[in-house]
Amino acid sequence: MIESQRVVPALSEMSAFEERHYPISYWASLWGFSQKTVREWFRDESGPGILRQRNTGRRSKRDYTTIMISARAAARAYSRHTAKELIH
């Protein structure tokens, strides 16, 4: 009997849709920033690795957007916002 083995490709070989995506709360707790801060970092961010699900039309409740972020997209934003030039 042969068992099937799942081969997990390296992060650099994965397509954006294959990467695992995490919510804002995950990145905020990992980096030690508030969810509000991390959400602001990704407000205008777009590109591979960022999923947005708009939840609209909810009678008498406010509309909101769920944002899920891959490790690759998170690394881009983190390095941009924590660059040495920005730290005083």
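Residues are numbered from 1 along each chain as its sequence is written, and side-chain values use heavy atoms, with hydrogens and water left out. Because this is a predicted model, local features need pLDDT of at least 70 and side-chain atom pairs count only at pLDDT 80 or more, while totals for chains, interfaces and linings use all residues.

Reader: What pattern does the chain follow, read along the sequence?
Author: The secondary structure comes to three helices and three strands. Helices (H or I, at least four residues) and strands (E, at least two) are DSSP runs, numbered from the N terminus. Along the sequence the pattern is β-α-α-β-β-α.

Reader: What percentage of the residues of the chain count as buried?
Author: Buried means under 20% relative accessible area, exposed over 50%, and partly exposed in between, with a 1.4 Å probe and protein chains only. The chain has 88 residues, and the share that count as buried is 24%.

Reader: Do the buried residues of H1 lie on the same side or on opposite sides of the helix?
Author: In H1, Ile24, Trp27, Ala28 and Trp31 are buried. The arc is that of the directions from the helix axis to the C-beta atoms. These residues cover an arc of only 100 degrees, which puts them on the same side of H1.

Reader: Which elements do the buried residues of H1 pack against?
Author: Packing is judged here by contact, meaning heavy atoms within 4.5 Å. The partners of the buried H1 residues are E1, H2, E3 and H3.

Reader: Is Phe42 buried or exposed?
Author: Phe42 is found in helix H2. Leaving aside neighbours within four places in sequence, Phe42 is in contact with Ile24, Trp31, Ile50, Arg52, Ile69, Ala73, Ala74 and Ala77. At 0% relative accessibility, Phe42 counts as buried.

Reader: What covers the buried residues of H3?
Author: The buried residues of H3 are Ala73, Ala74 and Ala77. They fall within an arc of 100 degrees seen down the axis, so they line one face of the helix. Their cover includes H1, H2, strand E2 (50–55) and E3.

Reader: How many residues apart are Arg72 and Glu19, which meet in a salt bridge?
Author: A salt bridge is a side-chain nitrogen of Lys or Arg within 4 Å of a carboxyl oxygen of Asp or Glu. The side chains of Arg72 and Glu19 meet in one at 3.0 Å, N to O. Arg72 is in helix H3 and Glu19 in the segment before strand E1 (21–23), so the pair links distant parts of the chain, with a separation in residues of 53.

Reader: Which residue of that pair is buried?
Author: Arg72 has 31% relative accessibility and counts as partly exposed. With a relative accessible area of 6%, the buried one is Glu19.

Reader: Which residues do salt bridges that share partners join into one network?
Author: The side chains of Arg76 and Glu45 meet in a salt bridge at 4.0 Å, N to O. Arg80 also forms a salt bridge with Glu45, the closest N and O atoms being 2.3 Å apart. Arg80 lies in helix H3 and Glu45 in the loop between H2 and E2, so this pair ties together parts that are 35 residues apart in sequence. The network joins Glu45, Arg76 and Arg80.

Reader: What is the relative accessibility of Glu45?
Author: Arg76 is partly exposed at 30%, and Arg80 is partly exposed at 40%. Glu45 counts as buried, with a relative accessibility of 11%.
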